[in-house]
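The following questions and answers go through one structure, with the cut-offs behind each term.

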Amino acid sequence: MLLVAGAGAVVALLANLDDLKNSKEVKDHWWLLPLGVIAIGYLLRKRGNPYANAVLAVGGALFASAYALQSKQAQAKTPTPQPQPGPQYPAPPPKKLTEGPAMGTEGPTMAPPVLASGWVQMPTGEYVRIPVFSMPTT
């Protein structure tokens, strides 16, 4: 068991050498070094080497840490978009009481009782003509 851990430590040491980490290819392709360690572990496993599992585990750990570092750097490079204000529309003009049919300058008036309708002010401020039903008297 100690030999397997030692083999993993040697592979991790080789993978973390400054010459390998600072090479142009490894900087451009973050996945290259971990994939190479995994490939070496796979080849060792095919040959029946007892240290192959340790090498594969180190390759997987290197891949996970390199992916986390790469995604953190990619998030740091992309600027967060500033929220854009929506389009500003002017407020609608206020409704005048002198507009519309049967509206005089004094405001809404009741229709003649013959038409059986009347004006009602809605919560929005509009005046609407509605029919008025009278209760039959007995």
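Q: Is Phe63 buried, partly exposed or exposed?
A: Accessible areas come from the Shrake-Rupley method with a 1.4 Å probe, and for residues only the protein chains shown count as cover. Buried means under 20% relative accessible area, exposed over 50%, and partly exposed in between. In this predicted model, Phe63 has a relative accessible area of 33%, so Phe63 is partly exposed.

Q: What are the ground rules for the numbering and the values?
A: Residues are numbered from 1 along each chain as its sequence is written, and side-chain values use heavy atoms, with hydrogens and water left out. This is a predicted model, in which local features need pLDDT of at least 70 and side-chain atom pairs count only at pLDDT 80 or more, while totals for chains, interfaces and linings use all residues.

Q: Which element has the highest mean pLDDT?
A: pLDDT is the predictor's confidence in each residue, from 0 to 100; the protein averages 74, and 67% of the residues score at least 70. Elements are DSSP runs numbered from the N terminus: helices (H or I, at least four residues) and strands (E, at least two). The lowest mean, 50, belongs to strand S1 (residues 103-104), and the highest, 87, to helix H4 (residues 32-46).

Q: How many aromatic pairs does a search of the whole structure find?
A: Rings of Phe, Tyr and Trp (its six-membered ring) pair if their centres lie within 6.5 Å; planes under 30 degrees apart count as stacked, over 60 as edge-to-face and the rest as tilted. With the whole structure searched, the number of aromatic pairs is two.

Q: What are the centre distance and plane angle for Trp30 and Phe63, and how many residues apart in sequence are the parts they tie together?
A: The pair is tilted, at 5.4 Å centre to centre and 45 degrees between the planes. Trp30 lies in the loop between helix H3 (24-28) and H4, and Phe63 in helix H5 (residues 52-77), so the parts tied together are 33 residues apart in sequence.

Q: How many residues apart in sequence are the parts tied together by Trp30 and Tyr67?
A: Trp30 and Tyr67 also form a tilted pair, with 5.7 Å centre to centre and 55 degrees between the planes. Because Trp30 is in the loop between H3 and H4 while Tyr67 is in helix H5, the parts are apart in sequence by 37 residues.

Q: Which residues form the aromatic cluster?
A: Trp30 is partly exposed at 25% relative accessibility, and Tyr67 is partly exposed at 47%. The one cluster consists of Trp30, Phe63 and Tyr67.

Q: Which elements give two or more residues to the nonpolar patch?
A: The patch of about 470 Å² is made by Trp31, Leu32, Leu35, Phe63 and Tyr67. The elements giving two or more residues are H4 and H5.

Q: Which residue in S4 is the bridge partner of Val120?
A: Two strands pair if DSSP finds at least two bridges between them. Ser117 stands opposite Pro131 in S4, and the bridge partner of Val120 is Val128.

Definitions and conventions
Buried means under 20% relative accessible area, exposed over 50%, partly exposed in between (1.4 Å probe, protein chains only). Patches are made of residues with over 30% relative accessible area and no salt bridge: like charges are joined within 9 Å, nonpolar side chains (Val, Leu, Ile, Met, Phe, Trp, Tyr) within 5 Å. A salt bridge is a side-chain nitrogen of Lys or Arg within 4 Å of a carboxyl oxygen of Asp or Glu.
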